[in-house]
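Work through these exercises with the sequence and the model side by side. Try each task before reading its solution.

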Amino acid sequence: QVLVVESGGGLVQPGGSLRLSCAASGSIFSINTMGWYRQAPGKQREWVAHITRGGITVYADSLKGRFTISRDNAKNTVYLAMNSLKLEDTAVYYCNAAVYESTGYLRHYWGQGTQVTVSS
């Protein structure tokens with residue numbers, strides 16, 4: 001079994017910054033792609049960014065330049081640095097990890113989410 005846990009959310013003023021973390025633990029052989037998604041109130045979950053094990057990053061066009069995804073493979077952890085935050089960035093942010101388990105299976109795991117609220 002694999003556990004994925006996000007942290008780092010909170011309340012921030014417009015223009016501020018936050019850094020989210022997501023750590024995976026459990027029966028992990030290795031982790032392939034890790035990504036961030038978000039879901040604003042009343043809206044569908046949307047993809048934010050992802051990063052491959054080798055460090056290749058891809059971002060949603062609307063977030064390029066403000067958000068930066070990175071990872072530490074030794075810690076099975078992915079980060080999302082968010083700058084110049086806007087009111088519309090308010091959402092629950094979820095982490096997804098494509099995990100090769102010790103059994104050899106590849107499964108996708110989701111965290112429980114961390115709330116980011118941008119408000120003055």
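**Exercise 1. Find the side-chain partners of Arg38, and state whether Arg38 is buried or exposed.**

Step 1. Start with Tyr93: a polar contact of 2.9 Å joins its side chain to that of Arg38. A polar contact is a pair of N or O atoms within 3.5 Å; within protein, one must be able to donate a hydrogen and the other to accept it, and residues adjacent in sequence count only if both atoms are side-chain atoms.

Step 2. Check burial. Arg38 has 7% relative accessibility, so it counts as buried. Buried means under 20% relative accessible area, exposed over 50%, and partly exposed in between (1.4 Å probe, protein chains only).

Step 3. Arg38 lies in strand β4, residues 28-39. Strands (E, at least two residues) and helices (H or I, at least four) are DSSP runs, numbered from the N terminus.

Step 4. List the neighbours. Leaving out residues up to four places away in sequence, Arg38 touches several residues, including Gln44, Glu46, Leu63, Phe67 and Val92. Contact means heavy atoms within 4.5 Å.

A note on the source: this is a predicted model, where local features need pLDDT of at least 70, side-chain atom pairs count only at pLDDT 80 or more, and totals for chains, interfaces and linings use all residues. Residues are numbered from 1 along each chain as its sequence is written, and side-chain values use heavy atoms, with hydrogens and water left out.

**Exercise 2. Which residues does the disulfide join, and which strands hold them?**

Step 1. Count. The structure holds one disulfide, defined as a pair of cysteine sulfur atoms within 2.5 Å.

Step 2. Name the pair. Cys22 is joined to Cys95, with S to S at 2.1 Å.

Step 3. Locate both ends. Cys22 lies in strand β3 (residues 18-26) and Cys95 in strand β9 (residues 91-101), so the pair ties together parts that are 73 residues apart in sequence.

Step 4. Read the geometry. The angle about the S-S bond is -75°, and the link of Cys22 and Cys95 is left-handed. Both cysteines are buried.

**Exercise 3. Describe the surroundings of Thr77.**

Step 1. Thr77 lies in strand β8, residues 77-82. Its relative accessible area is 8%, so Thr77 is buried.

Step 2. A polar atom of the Thr77 side chain lies 2.8 Å from the backbone oxygen of Lys75.

Step 3. Beyond four places in sequence, Thr77 touches Cys22, among others. Met34 and Asp72 are also among its contacts.

**Exercise 4. What is the strand order of the four-stranded open sheet, and which strands are its edges?**

Step 1. The order is β1-β3-β8-β7, with antiparallel pairing. Two strands pair if DSSP finds at least two bridges between them.

Step 2. The edges are β1 (2-7) and β7 (67-72), each pairing on one side only.

Step 3. Look at β1 and β3. They pair in the antiparallel sense over six bridges. Val2 stands opposite Gly26 in β3.

**Exercise 5. How many helices and strands does the protein have, and how much of it is buried?**

Step 1. The protein has zero helices and eleven strands.

Step 2. Of its 120 residues, 42% count as buried.

Step 3. Among contacts with a separation of 6 or more, 54% come from residues 24 or more positions apart.
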